[in-house]
Amino acid sequence: MTASPEPAGPAEPAGPAEPAGLAGLAGPTGLGRRPARPLRLLLRRLLRTARADVLAAAGAVLLLAIVACALLAPWIAPYPEDGGTATHPTEALLPPSADHWFGTDQVGRDILSRVLFGARTSLFIAVAVLGLAAAAGVTLGVVAGYAGGWIRDVIMRVTDVFLAFPALLLSLALAVVLQPSVTTVVVALAATWWPWYARLTASVAQSVATRGYVDAARCLGVPAPLIVFRHVLPNSATPVAVQLSLDAGGVILTSAALSYLGIGVHDPTAEWGLMVQQGQTLFTTDWWVVTFPGLAILVTAFAFNVLGEGLRQALDPRGATR
Amino acid sequence: MLRYLTRRLGQAVLVVAGVVTLTFTVMRLVPGDPAVAFAGPRATPAELAAARERFGLDDPLWTQLWNYARDLAGGDWGTSLHTRQPVARDLTLAFPASLELVGAALVVAVAAGVPLGVLAARFKAGLPDLSVRFTSMLAVSVPVFWLALVVQTVFAGNLGWFPVAGEYDSSLDRTSPLTVYTDITIVDALITGNWPVFTSTLWHLALPALVVAAYPAGVIAQMTRAALIEESGQDHVRLSRALGFGRTAVLVRFALRPAAGPVLSLIALVFAYAIVNGFLVEAVFNWPGLGRYAAASIRSLDTPAIAGVTLLVALLYVGSNLLVDLVQGVLDPRVRTR
């Protein structure tokens, strides 16, 4: 790839293609009131990646469509009331047709409408889980990485303990303890995901802490908390943003698995994993009941994974030179 | 090396202690009185008191944690509330079946993932690369329970090519009973030369193993591709290329071996994850492994059993991590000083 200086103008259109990742980056960067230069650099890199990596670009477009579906579900769903408590027993288990593109389920609800509403549930869970996990993990990680010594050791050993429990299993155990609900799923998944952020941020913060400008700030007598927030945190943000995108797919898969196991979201709420579970006994006779919600999970997780992988390669300094 | 070994072992012991404490804490938070669950809803106060006494529920928490850890170390993992058998015994019965499933899945995953990774690296940025990346991304993104349902319905239900569920045809227990040595059915059948059971198990294993293999195969393909591309830039690989070896030969003969280290450690790390992922597949295919046991335990709020499964998987994870680090410490001296 050429490193020719591109004007800022053409780089801007990449913005709308990547709102989620950028918002995450802009936040911590804005904290220190730093100039916009790194942001523009990032945009240029993203645009370059989109041209070079068709798969990642497709993931970004796909994700945008899914977010649009989630936001606009009440307006674009053919039968918006089916996303909620409505039932139509006389129209149960109709195969896909012009009226019901994805068919209807066992109580006559339009599956397309429920799949669209399900995008809301899944994306909400993903955002809430990763928000909580990143907030807790990044805070602990920055402290561990900057402080070093025994503080780092203690935090890292606790992290190791939580990492030893596979996400699904610990969530399962926690979901048994807490009452089944969306909140339970969010808390349980966040409890299993934060260690990754702690570990990642700790290693990045540790290397940032040895840089010259941090030393300079320390010598000038800047208090440690301020150094952490103005220098260490913003410079640790990029790998965290990439990890968020990579993890979103995993969170969506695991939350769907929890719902499939009957732990988590309850019936009137549209949730893809729950729809698969409710339809599984009907699969041999009425294939559409299981097929479409499952495909929705697959497509959403795929979009996040492909995009995350593309971002990782674009932002990896070694990847950029390849 | 000795210093690295002791430090790494010390870390592992600390993590295991933390794992035990965390499991204990989660177990104590479970709503519902374990004494009631054990003695039954119609128990008299005296029976309840006896149950509380038996499980030491009246002791202070620290004592309970200490006793719990001591019992675990002594092989007493508690008594399951729903099978009324020692949890340790239940686990040794259920775990081999899970191991069989995940072992078969990992074999499939390596057999598919490594060649696909080589193919992608050989034709980097070309159509084969794109399709391998696409397929491997699909494989890691597919909800495993849904894939299990689809595969079961299509290949076992509609086409009838494979059996729908179970580990082997149970009518074989009468015609050719299996002598049990390892509890891993396919291994036992193989070493005792019990071919009817062996082929039946293989047949039953095919679909669930393929489903469990999807995720590791995708990850291994991506990792192999990345490691090979990284390795291709190394001087020794470029030298062999300059000496006149073909592109494919260079990749397979010279780049693959140094790239094998990260891929091998990845396989060990994916192992514990695959066991848990296998739980969902076991439920669909009615595989008599840990997943089925865990599901039954959760339904009956069987805390000792849930704790047992959780602990076992966490210990497997810690163990495989330790193994990876030690092997890498032996192979690569730089690791030891980190």
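Colleague: Which parts of the structure do the buried residues of α12(A) pack against?

Modeller: They pack against α6 (111-147), α11 (224-260) and α13 (288-315) of chain A, together with α7 of chain B, where packing is judged by contact, that is, heavy atoms within 4.5 Å. This is a predicted model, in which local features need pLDDT of at least 70, side-chain atom pairs count only at pLDDT 80 or more, and totals for chains, interfaces and linings use all residues. Residues are numbered from 1 along each chain as its sequence is written, chains are lettered from A and ligands numbered from 1 in the order in which they are written, and side-chain values use heavy atoms, with hydrogens and water left out.

Colleague: Why is helix α12 of chain A called largely enclosed?

Modeller: Six of the eight residues of this helix (residues 272-279) are buried, so the rest of the structure largely encloses it. Buried means under 20% relative accessible area, exposed means over 50%, and partly exposed lies in between (1.4 Å probe, protein chains only). The residues that pass this test in α12(A) are A:W272, A:G273, A:L274, A:M275, A:V276 and A:G279.

Colleague: What makes A:E271 a cap of α12(A)?

Modeller: A side-chain oxygen of A:E271 lies 2.7 Å from the backbone nitrogen of A:G273, at the N-terminal end of the helix. A polar contact is a pair of N or O atoms within 3.5 Å (within protein, one must be able to donate a hydrogen and the other to accept it, and residues adjacent in sequence count only if both atoms are side-chain atoms).

Colleague: How do you know which secondary structure chain A has?

Modeller: Helices (H or I, at least four residues) and strands (E, at least two) are read as DSSP runs and numbered from the N terminus; on that basis chain A comes to 14 helices and zero strands. Of its 322 residues, 51% count as buried.

Colleague: What makes A:D105 and A:R109 a salt bridge, and how far apart are their closest N and O atoms?

Modeller: The rule asks for a side-chain nitrogen of Lys or Arg within 4 Å of a carboxyl oxygen of Asp or Glu, and the closest N and O atoms of A:R109 and A:D105 are 3.0 Å apart, which meets it. Both partners fall below the limit for burial, with A:R109 at 3% relative accessible area and A:D105 at 4%.

Colleague: How do you know whether A:D215 is buried, partly exposed or exposed?

Modeller: At 33% relative accessibility, A:D215 falls in the middle class and counts as partly exposed, and its salt-bridge partner A:R218 is likewise partly exposed at 39%. Their side chains meet at 2.7 Å, N to O, and both residues lie in helix α10 (residues 212-219) of chain A, three residues apart, about one turn of the helix.

Colleague: How much area do chain B and chain A bury between them?

Modeller: They bury about 3800 Å², 80% of it on carbon and sulfur atoms, where buried area is the accessible area (1.4 Å probe) that two parts lose on being put together, summed over both. In chain B, the residues that lose the most area to chain A are B:M137, B:F145 and B:W146, together 16% of what that side buries. Between the two chains the count is zero salt bridges and three residue pairs in polar contact, both at pLDDT 80 or more. On the side of chain B that touches chain A, α1 (2-29), α6, α7 (144-158), α10 (195-232), α12 (247-285) and α14 each supply at least two residues, and α1(B) gives the most, with nine.

Colleague: Why is B:T310 called buried?

Modeller: Its relative accessible area is 5%, below the limit for burial, so B:T310 is classed as buried. B:T310 is found in helix α14 (residues 303-331) of chain B and touches A:F165 and A:L169, not counting residues up to four places away in sequence.
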